[in-house]
Amino acid sequence: MQRNPESDLIKALEEVLDLERAALVDGELDRLDHMFPEKEKLIGALNDVQVFDSADLIRVQKKIERNQTLLNSAADGLRAVATRMAELRRVRQEFSTYDSSGQRSGYAVRSHAKLEKRA
């Protein structure tokens, strides 16, 4: 049985998508940089050929959607970390209190306070 080029492309793309999913699930986002050019090349090549088996395309589409959901979750997580880090920086730079009427008062914190010993 002769293999057609589109099935080879689909198989290669599915392998890349599975590796991408594994990297996302493992939290190894740096591995995604190496996969993106290959994934882009395979999708471009697949767009250039005529694919007759829609079941293959549906399977690939589901994997792409699954990975996109994981990518969105990873991006949300990174944004949450960035927000939390900014909040921690703000807390280190300012001490805030509230008075009896609920008004907030902020006091700057010295960044490098020195302790002086006296004999």
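**Contacts, helices and selected residues**

Author: Of the contacts in the protein with a separation of 6 or more, 52% are between residues 24 or more positions apart. Please note that this is a predicted model.

Reader: What does the secondary structure of the protein come to?

Author: The protein has three helices and two strands. From the N terminus on, the order of the elements is α-α-α-β-β.

Reader: And how many of the residues are buried?

Author: Buried residues account for 17% of the 119 residues in the protein.

Reader: Turning to the helices, at what angle do α1 and α2 cross?

Author: The axes of α1 (residues 5-26) and α2 (residues 32-48) cross at roughly 155° and come within 10 Å. The two helices are therefore roughly antiparallel to each other. Their crossing is left-handed.

Reader: Which residues in α1 meet α2?

Author: Among them are Leu9, Leu13, Val16, Leu17 and Glu20 in α1, which meet residues in α2 including Met35, Lys39, Leu42 and Leu46. By class, this contact of α1 with α2 has 15 nonpolar, no polar and four charged residues.

Reader: Lysine 39 interests me. Is lysine 39 buried or exposed?

Author: Lysine 39, which has its place in helix α2, counts as buried because its relative accessibility is 15%, and the cut-off for buried is under 20%. Leaving aside neighbours within four places in sequence, lysine 39 is in contact with Leu13, Val16, Leu17 and Glu20.

Reader: What about α1 and α3, at what angle do they cross?

Author: The axes of α1 and α3 cross at roughly 25° and come within 10 Å. That makes α1 roughly parallel to α3. The crossing of α1 with α3 is left-handed.

Reader: Which residues make the contact?

Author: On the α1 side, the contact includes Leu13, Leu17, Asp18, Glu20, Arg21 and Leu24, and on the α3 side it includes Val60, Lys63, Arg66, Asn67 and Leu70. The residues of the contact of α1 with α3 divide into eleven nonpolar, one polar and eight charged.

Reader: Let us take asparagine 67, then. Where is asparagine 67 found, and is it buried or exposed?

Author: Asparagine 67 is found in helix α3 (residues 54-93). With a relative accessibility of 1%, asparagine 67 counts as buried.

Reader: Which residues is asparagine 67 in contact with, leaving aside its neighbours within four places in sequence?

Author: Those residues are Leu17, Glu20, Arg21 and Leu24.

Reader: One more residue: where is the place of aspartate 18?

Author: Aspartate 18 lies in helix α1. At 35% relative accessibility, aspartate 18 counts as partly exposed.

Reader: How many residues apart in sequence are aspartate 18 and asparagine 67?

Author: Aspartate 18 and asparagine 67 are 49 residues apart in sequence, and from C-alpha to C-alpha they are 8.7 Å apart in space.

Reader: Which residues does aspartate 18 touch, not counting residues up to four places away in sequence?

Author: Aspartate 18 touches Lys63 and Arg66. With lysine 63, aspartate 18 makes a polar contact between side chains (3.1 Å).

Notes:
Residues are numbered from 1 along each chain as its sequence is written. This is a predicted model: local features need pLDDT of at least 70, side-chain atom pairs count only at pLDDT 80 or more; totals for chains, interfaces and linings use all residues. Side-chain values use heavy atoms; hydrogens and water are left out. Axes are lines fitted to C-alpha atoms, for helices over the stretch in contact, and angles run from 0 to 180 degrees between N-to-C directions. Helices (H or I, at least four residues) and strands (E, at least two) are DSSP runs, numbered from the N terminus. Angles under 35 degrees count as roughly parallel, over 145 as roughly antiparallel, 65 to 115 as roughly perpendicular and the rest as oblique. A crossing is left-handed if the near helix is turned anticlockwise from the far one by less than a right angle, and right-handed if clockwise. Contact means heavy atoms within 4.5 Å. Ala, Val, Leu, Ile, Met, Phe, Trp, Tyr, Cys and Pro count as nonpolar, Asp, Glu, Lys and Arg as charged, and the others, Gly among them, as polar. Buried means under 20% relative accessible area, exposed over 50%, partly exposed in between (1.4 Å probe, protein chains only). A polar contact is a pair of N or O atoms within 3.5 Å; within protein, one must be able to donate a hydrogen and the other to accept it, and residues adjacent in sequence count only if both atoms are side-chain atoms.
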